[in-house]
Amino acid sequence: MSGADFVGILPLAILAAAAVLVLLVLSVYRSHLLTCILTLLSLAAAAASLPVAASVGPRGVTILLISDGYALFYTGIILAATFSVTVLSYIFLRSRPGRREELYLLLLLAALGAAVLVFSSHFASLFLGLELLSSSLFVLIAYPRGILNVEAGIKYLILASVSTAFLLFGMSLVYAQLGTMEFARIAAAGRGAGGAILIAGLGLLAVGLAFKLALVPFHMWAPDIYQGAPAPVTAFVASVSKVGAFGVLLRFFRLAGVQGHGHLFLMFTLIAIASMFGGNLLALLQGNVRRLLAYSSISHLGYLLVAFLASGALSVTAVTFYLLAYTATIVAAFGVAVLVEGNGAAGAIADYRGLFWRRPWTAVVMAGALFSLAGIPLTAGFIGKFYLIGAGAGSSLWLLVLALVISSGIGVYYYLRLIVIMYLRPEQTAPETAPAPWSGSLILGALFLAILWLGVYPAPWIDMIQRNALLK
Amino acid sequence: MAQVPMDYGLVLAAALFVLGLAGVIVRRNIIFILLSIEIMVNASGLAFIVAGSRWRQPDGQLMFIFILTMAAVEVSLGLALVLRLYHRLKTLDIDRADRMRG
């Protein structure tokens, strides 16, 4: 490895060093605020190193990692989302007793895992990144150690481990057929080959990743985890882990060429349609805000598959922009959950009833996030969906585009219903709410502005995404 | 020395994998579920070793070492969570962990 190689993976190195640093600091001096600030500073340092890493150009760093514009842009999304989640965690943990500092350490490790995923160009690094992400999440989900948290942690542990086993078995079958684990060489070797074992391997690999992305029919864990995990961790699961897993899914199958394998294309099409309709229809039945957002996230990942299956340059742009828009939106929504939810059941609708009359600004942010999820114009979600449909139509995937349009029409209903609930007059027994801390207001304000900016004037972002598009 | 054909190894690995998956689905005791997951993961490891020996590369065994490490992490975290759950529920039956529905 040359010096330039190390510069290329500087963001990963900074994150890894930050995790060690936080661990060492914790062993000598325990302070909640200090740990939080240290975490925020290291995330900012990693973000500042992104342009430096970009300056050494797209380059493979050993056969395991590849440092290109695509990886760096996705890492940027991951770092920004982790930054917001860290601030939200501080607010969440402030009033809770017990050991709180390790949560930041685990957040750093999980962010590192997600970043390794989008950098990976080899099965080994894919596997290590995914495990680093999931193992940190097992603990993060169960962190406050309430009964719901532990239950959610165990469920996630079992299902994530099973999905990892699927992923590994798929990888081993691909390796058995092609004799290589590098993405680029798999693509070259697999181009002509179409053996049943190879298809089965790629299929199992896709199933493993679909579990992480909570796509129907591998979505069973999502509602329970979203409800049982502490709110900032839910924001993390909904944003960072999805960005990481989708980033590597897109990179791998772009290279390997889903279109070339008819069976895989059909499988992804069915998963996409099932996720869009399954997510939106089941969300209609939910009486809990967290579960509603979980089912909505299932449908959003289904939308993303439409652009994933499309070919052409627009496809990667559409996926990346949608992930960016979705991340800003869902972190804002769960940020509101951190500020709003009382000590009652997580995601109880009572916490949101009449929110506008108690906390107008928080309610406006939540309404903005819900509009963006529904895809109403002037919000990020609208432009994102516009690009998804554009990418799908550009490749004549009419069935998928039709499913997207119809199912997001269904989705509008439950988002609007939640907004209506927020504007109802509060009941007499409305829970008392303390004023929002300034750090929370700042983060929510920034996310709200980001949603509007992406929705009103997305040109600079689209431009940046296209400059950092995935190279074949 | 005569080589065992690769397909035999893969079939054995697939059989183990399916046994493990069946265990995860059928068993209700968390400890046995964790055991079954271990079988699935190790079946994948076996498949990697078989594949590596077909191509005469060390990569398959290398992956197996990664897999072993990962399995150890998963089991230790899993058992820690199981202890927590047992403290609360006084049972290892996963069906009793059903406080969230919908």
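Start where the two chains meet: 35 residues of chain B and 35 residues of chain A form the contact, with two residues counted as touching if their C-beta atoms, placed from the backbone, lie within 7 Å. Before you click further, note that this is a predicted model, in which local features need pLDDT of at least 70, side-chain atom pairs count only at pLDDT 80 or more, and totals for chains, interfaces and linings use all residues. Residues are numbered from 1 along each chain as its sequence is written, and chains are lettered from A and ligands numbered from 1 in the order in which they are written.

**Stop 1: the chain B side of the contact**

Select helix 1 (6–26), helix 2 (30–55) and helix 3 (59–89) of chain B; each supplies at least two residues of the side that touches chain A. Helices here are DSSP runs (H or I, at least four residues), numbered from the N terminus. By class, the side of chain B that touches chain A has 25 nonpolar, four polar and six charged residues. Nonpolar means Ala, Val, Leu, Ile, Met, Phe, Trp, Tyr, Cys and Pro, charged means Asp, Glu, Lys and Arg, and the others, Gly among them, are polar.

**Stop 2: helices 1 and 2 of chain B**

Helix 1 and helix 2 of chain B pack at about 165°, with axes 8 Å apart; axes are lines fitted to C-alpha atoms over the stretch in contact, and angles run from 0 to 180 degrees between N-to-C directions. That angle makes helix 1 of chain B roughly antiparallel to helix 2 of chain B, a label for angles over 145 degrees. Helix 1 of chain B passes helix 2 of chain B in a left-handed crossing, meaning the near helix is turned anticlockwise from the far one by less than a right angle. The contact of helix 1 with helix 2 of chain B divides into 18 nonpolar, five polar and one charged.

Now pick B:Asp7, in helix 1 of chain B. B:Asp7 is exposed, with 12 other C-beta atoms within 10 Å; by that count, 12 or fewer is exposed, 20 or more is buried and in between is partly exposed, with C-beta atoms placed from the backbone. Draw a distance from B:Asp7 to B:Val50: they are 43 residues apart in sequence and 8.8 Å apart in space, C-alpha to C-alpha.

**Stop 3: helix 12 of chain A**

Helix 12 of chain A has 23 residues and reaches 33 Å from its first C-alpha to its last, close to the 33 Å expected at 1.5 Å a residue (that is, 1.5 Å times one less than the number of residues). Its buried residues include A:Phe268, A:Ile271, A:Met276 and A:Leu282. Among the elements covering the buried residues of helix 12 of chain A are helix 9, helix 13 (289–309) and helix 18 (398–423) of chain A.

Keep helix 13 of chain A on screen. The axes of helix 12 and helix 13 of chain A come within 7 Å and cross at roughly 150°, which makes helix 12 of chain A roughly antiparallel to helix 13 of chain A. By class, their contact has 15 nonpolar, eight polar and no charged residues.

**Stop 4: helices 14 and 17 of chain A**

Next, select 313–340, helix 14 of chain A, which packs against helix 17 of chain A at about 155°, with axes 9 Å apart. Helix 14 of chain A passes helix 17 of chain A in a left-handed crossing. Residues that meet there include A:Phe321 and A:Tyr322 in helix 14 of chain A and A:Tyr387 and A:Leu388 in helix 17 of chain A. This contact divides into twelve nonpolar, seven polar and no charged residues.

**Stop 5**

Most residues other than glycine have a negative phi, and most peptide bonds are trans. Zoom in on A:Val216 to A:Pro217, where the peptide bond is cis, with omega near 5°. A:Pro217 lies in the loop between helix 9 (196–213) and helix 10 (221–228) of chain A.

Then go to A:Leu378, with phi near 75°, in the loop between helix 16 (360–374) and helix 17 (380–394) of chain A. A:Leu378 is partly exposed, with 14 other C-beta atoms within 10 Å.

Finish on B:Lys90, whose phi is near 60°. B:Lys90 lies in the segment after helix 3 of chain B, and is exposed, with 8 other C-beta atoms within 10 Å.

Definitions and conventions. Angles under 35 degrees count as roughly parallel, over 145 as roughly antiparallel, 65 to 115 as roughly perpendicular and the rest as oblique.
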